[in-house]
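User: I'd like to learn how to read pockets, cavities and cores in a protein model. Could you walk me through them?

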Amino acid sequence: MTQLDGVVKPKTKRSKRFLQGREPKLNENIKKAMLIKGGNANQTVTQALKDIYSLKKPNAVMYKKKNITRPFEDQSSLEFFSKKSDCSLFLFGSHNKKRPNNLVFGRMFDFHVLDMIELGIEKFVSLKDIKNSKIPEGTKPLLIFAGDAFETGNEHKKLKNLLIDFFRGPTVPCVRLVGLEHVLHITALEGKIYLRSYKVLLKKSGCRTPRIELEEIGPSFDFTMRRIHLASVDLYKTAHRQPKALKPKEKKNISHDVFGMKYGRLHMQKQDLFKLHTRKMKGLKRKAEKAEGEETEAEASTAKAAKNQ
């Protein structure tokens, strides 16, 4: 590929397909996440990154080498890796004396950092520490958020939105019951964030609907919220902007009530009742024919009497 006046022109068909894959689309590709280790990451942070990578596969990229960077001070290296791997989500792990066992969840917009939230690991149980069967790779999880903080606190609202964007996986039109195998339960309680991962087990219940049980499979995290970097309101509006082709068209004369019932309104022209075709009854028809016959006989008798005179 050659670059001329800021425009990249492909030389081969392979490079052309590569650039077409990164062009803006009406329906964007599945968001990929990159997981990066800091220069001083310890065993706990490394294992935590590996476990989250196993939940995100195949929509994730894991960098095994350590990278000496500080996301809250210099974001250039994150933006470089984001453009290189075409990832719009990132998870950075680090460890130091001031902030031990540190994880930074973040998002990108146009290969620039949009927002990021720093969480500290207080307690961690790995996938390999829980000995049971795991879920298949690429399973879309069911996300459950518990706690009033996710509805009232501004910082927790941003964290909820970020975690949904990070773990939600591909967008699907519908979900079947048998395909619901993985549950991520996130609780906000007393200033801490608890993340638990469960496998859904469908048991016999004696009826059509199965009995559901949850089995913990890991990883399990107890987080505390630390630093937060949020984008400006204008940048959020730009990032949330949708093309006109994707906006749903407004349907006129359709409304819904509080119970979700759909109502439609029809507009009809004024009806001419004189041209209304009513149902013809046989009884009325016989009476009309009989009346016509009597009138004909009366007219005939009248005409005969007048002739005789």
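Predicted model: local features only at pLDDT ≥ 70, side-chain atom pairs only at ≥ 80, totals over all residues.

User: How much space lies in the largest pocket?

Analyst: First the idea: on a 1 Å grid over the protein atoms alone, a pocket is an open set of points with protein on both sides within 12 Å along at least five of seven lines, whereas a cavity is a set where a 1.4 Å probe fits but cannot get out; lining residues have an atom within 4 Å of a point. Points are joined across faces, edges and corners, and a volume is the space filled by probe spheres set on them. Here, the largest pocket holds about 1,800 Å³. Its lining has 41 residues, and E28, K31, S88, F109 and A239 are the closest to the centre.

User: Which elements give two or more residues to that lining?

Analyst: Elements are DSSP runs numbered from the N terminus: helices (H or I, at least four residues) and strands (E, at least two). For this pocket they are α1 (13-21), β6 (102-109), α5 (154-167) and α6 (233-239). Helix α5 gives the most, with 4 residues.

User: How does the lining of the largest pocket divide by class?

Analyst: Ala, Val, Leu, Ile, Met, Phe, Trp, Tyr, Cys and Pro count as nonpolar, Asp, Glu, Lys and Arg as charged, and the others, Gly among them, as polar. The count is 17 nonpolar, 10 polar and 14 charged. The second largest pocket, with about 310 Å³ of space, has 5 nonpolar, 9 polar and 5 charged lining residues. Nearest the centre of that second pocket are N40, T69, R70, S94 and N96.

User: What lines the largest cavity?

Analyst: The whole structure has 1 cavity of 30 Å³ or more, and about 40 Å³ of space lies in it. Its lining is I52, L55, F105, F167, L195, P219, F221 and F223; by class that is 8 nonpolar, no polar and no charged.

User: Is F167 buried or exposed?

Analyst: Buried means under 20% relative accessible area, exposed over 50%, and partly exposed in between (1.4 Å probe, protein chains only). F167, in helix α5, has 7%, so F167 is buried. Contact means heavy atoms within 4.5 Å, and beyond four places in sequence F167 is in contact with I52, K56, F105, P141, L143, L184 and L195. F167 and L55 are 112 residues apart in sequence, yet their C-alpha atoms are 8.3 Å apart.

User: Which members of the largest nonpolar core touch the most others?

Analyst: In soluble globular proteins, nonpolar side chains tend to be buried together. A nonpolar core is a set of buried Ala, Val, Leu, Ile, Met, Phe, Trp, Tyr and Cys residues joined through side-chain atoms within 4.5 Å. Here 31 residues form the largest one, and I52, L103 and F105 touch the most other members. Helix α5 gives the most to this core, with 5 residues. A second, separate core of 12 residues includes L78, F92, M108 and V113.

Definitions and conventions. Residues numbered from 1 in each chain as written. Heavy atoms only, no water.
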